[in-house]
Amino acid sequence: MSRILIKICGLSTPETMEAAVDAGADMVGLVFFPKSPRHVSLSDACRLADIARGRSQIVALSVDMDLPSLQRINELVRPDLFQFHGQETPEACAAARVMLRTRIIKAIGVREAADLDAALPYVTVSEHILFDAKPPKDSDVPGGHGVAYDWSLLKALDLPRPFMLSGGLDPANVATAIATSGARAVDVSSGVERAKGVKDSELIRAFVAAVRSAEDVKE
Ligand SMILES: O=C(O)c1ccccc1NCC(=O)[C@H](O)[C@H](O)COP(=O)(O)O
């Protein structure tokens, strides 16, 4: 099986950022959403990004953020990609991509098969489509809940390029998730935490190792 892209999201300390980069994460995510337990200030984000720069791709995650705020993150943190995790329209993604001269990951919430159709308008205005679990109905934070969905829904998808998978992944289930969904890229947050918002370096290493082992399995 060819190499699977790994993103570790919601890193907020130098130690766990170093652990993710050192373990071989392809992408590391910084969350800019004050309601999130993983939210980082701009100054902390700059320090964390400097640990990863040139070693892993830096992803700035935002939720329906206005363009001036995105521009400020772009100038100060200098991420390689932005992840849009709210209700951003295809037009807003296209505009941000041009204005910020960046690459975009657009998250699409999934609970049932019909939710997958929402991805189509974003294929031409983003570099990656991330199929994540829809948040619990009473939550005002749209991601990072460690909730899984039926990953097999993705198996029959006919998109022009590979997609990313997230939602309830952890070191113990990620190999099954890859086999069940056909994903070539995976994204994790809660599954490498010892408490809500608190990343664990050992779990990060275990997650990366589990994905790399899954790559060795013959298709
Ligand atoms: O992590 C957050 O707190 C968060 C806040 C607002 C929007 C998205 C957020 N997280 C997204 C992710 O970390 C991942 O892309 C994905 O949802 C994985 O989450 P998990 O199921 O916890 O592994």
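Colleague: To start with, what share of the contacts in the protein chain with a separation of 6 or more comes from residues 24 or more positions apart?

Modeller: Keep in mind that this is a predicted model. Residues 24 or more positions apart make up 53% of those contacts. As for burial, 42% of the 219 residues in the protein chain count as buried. Now the part you asked about: the largest nonpolar core holds 63 residues, and the members touching the most others are Ile8, Val28, Leu30, Leu165 and Val186. Take Ile8 as our way in. Leaving aside residues up to four places away in sequence, Ile8 touches Ala20, Ala25, Val28 and Gly29, and also Val188, Val192 and Ile204. Val28, then, is both a contact of Ile8 and another of the core residues that touch the most other members.

Zooming out, the protein chain has six helices and ten strands. Its radius of gyration is 16 Å, which agrees with the value near 17 Å for a compact globule because that is what 219 residues would give. The C-alpha atoms fill a box of roughly 45 × 40 × 35 Å along the principal axes. An unreviewed UniProt entry annotates residues 6-209 as "domain: N-(5'phosphoribosyl) anthranilate isomerase (PRAI)". That span is 29% helix and 22% strand, and its end C-alpha atoms lie 11 Å apart.

One last thing for your viewer is the ligand. It is surrounded by 26 residues, with Ser36, Gly143, Gly144, Ser189 and Ser190 the closest. By class, that shell has ten nonpolar, 13 polar and three charged residues.

Notes
Residues are numbered from 1 along each chain as its sequence is written. This is a predicted model: local features need pLDDT of at least 70, side-chain atom pairs count only at pLDDT 80 or more; totals for chains, interfaces and linings use all residues. A residue is near a molecule or strand if its C-beta atom, placed from the backbone, lies within 6 Å of it. Ala, Val, Leu, Ile, Met, Phe, Trp, Tyr, Cys and Pro count as nonpolar, Asp, Glu, Lys and Arg as charged, and the others, Gly among them, as polar. UniProt positions are given in the numbering used here, feature names are shortened, and annotations may be inferred rather than shown by experiment. Helices (H or I, at least four residues) and strands (E, at least two) are DSSP runs, numbered from the N terminus. The radius of gyration is taken over C-alpha atoms; the globule rule is 2.2 Å times the number of residues to the power 0.38. A residue is buried if 20 or more other C-beta atoms lie within 10 Å of its own, exposed if 12 or fewer, and partly exposed in between; C-beta atoms are placed from the backbone. Two residues are in contact if their C-beta atoms, placed from the backbone, lie within 7 Å. A nonpolar core is a set of buried Ala, Val, Leu, Ile, Met, Phe, Trp, Tyr and Cys residues joined through C-beta atoms within 7 Å.
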